[in-house]
Amino acid sequence: MIWFSRLFARSEPSLSPASPRDAGSLAALHAASFSRGWSETEFEQLLTDRSVIADRATSGRRNIGFIISRRAADEAEILSVAVARAWQGRGLARRLLDLHLRRLAGLRLRAVFLEVDEDNQPARRGPAVRSAHARARPGHSARKPAGGHPRSRASVVARGQTSCLAVAAISRLT
């Protein structure tokens, strides 16, 4: 009977860099995770941009999570993080974030920013936000691919000194 349970048991997800070949599955995962999902074309454009760094989580041959950021000078902005619903609540987003921040630190970036929608309570309760310090960023507008929400206000949450993690919580102006 042990062999039967192993047959249907989920293996530990593996983490690796994402590539343009992942655009379709990452677009599907993004669409399932956000009210306005990015298209496969938008992901292809991002994943071929030399300033973009992306990591993915896979189970077998299936992408079940990702994190993607864009570098500018000595800073980076995390553009999106998503985990398939079936895999949420297992620490996978935290593992992706940890891997991604290590990669960004290896590039000697001074700060990393992440914008979190006010409605995204799981992300707002996450360890990155809880362990950080907030300060205002008045007039900040989210820089997102086409269709993003340009009218937003953010507060920045910073952690650490040399490998600073900054998390911005977004309140949409309505």
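This is a predicted model: local features need pLDDT of at least 70, side-chain atom pairs count only at pLDDT 80 or more; totals for chains, interfaces and linings use all residues.
Q: How do you know that β2 and β3 form a hairpin?
A: There are two residues between the strands, and G60 in the turn has a positive phi of about 65°. Eight bridges join β2 to β3, and the two run antiparallel.

Q: What makes up the secondary structure of the chain?
A: It comes to six helices and eight strands. Helices are DSSP runs of H or I with at least four residues, strands are E runs of at least two, and both are numbered from the N terminus. Read from that end, the order is α-β-α-α-β-β-β-α-β-α-α-β-β-β.

Q: Why is S59 called buried?
A: Its relative accessible area is 19%. Buried means under 20%, exposed over 50%, and partly exposed in between (1.4 Å probe, protein chains only), so S59 counts as buried at 19%. S59 lies in strand β2. Setting aside neighbours within four places in sequence, S59 is in contact (heavy atoms within 4.5 Å) with S11, I64 and W87.

Q: What makes β2 a largely enclosed strand?
A: Seven of its eight residues are buried, so the rest of the structure largely encloses β2. As for its other partner, β1 (residues 14–17) runs antiparallel to β2 and is joined to it by four bridges. S16, for instance, has R56 of β2 as its bridge partner.

Q: How do you know that β3 and β4 pair, and in which sense?
A: They share eight bridges, in the antiparallel sense. A72 has E75 of β4 as its bridge partner. β4 is mostly covered too, with seven of its nine residues buried.

Q: Where is R108, and what is its phi?
A: R108 is found in the loop between α4 and β5. Its phi is near 60°, positive in a residue other than glycine.

Q: How do you know that the length of α4 agrees with its number of residues?
A: Take 1.5 Å times one less than the number of residues as the expected span. For the 15 residues of α4 (92–106) this gives 21 Å, and the end C-alpha atoms are 21 Å apart, so the two agree. The buried residues of α4 are L92, L96, L97, L99, H100, L101 and L104.

Q: Why are the buried residues of α2 said to be on the same side?
A: The buried ones are A23, L26, A27, L29 and H30. Judged by the directions from the helix axis to the C-beta atoms, they cover an arc of only 165°, which puts them on the same side of α2. These residues pack against α3, β3 and β4.

Q: What makes a set of residues a nonpolar core, and which residues have the most contacts inside the largest one?
A: Such a core is a set of buried Ala, Val, Leu, Ile, Met, Phe, Trp, Tyr and Cys residues joined through side-chain atoms within 4.5 Å. The largest has 33 residues, and F43, L47, F66, I68 and L104 have the most contacts inside it. At least two core residues come from each of α2 (23–33), α3 (40–48), β2 (52–59), β3 (62–72), β4 (75–83), α4 and β5 (111–117). Beyond its neighbours within four places in sequence, L47 is in contact with A18, S19, P20, A23, L26, A54 and I68.

Q: How many of the chain's residues count as buried?
A: The share is 40% of the 174 residues. Among contacts with a separation of 6 or more, 56% are between residues 24 or more positions apart.

Technical notes
Residues are numbered from 1 along each chain as its sequence is written. Side-chain values use heavy atoms; hydrogens and water are left out. Two strands pair if DSSP finds at least two bridges between them.
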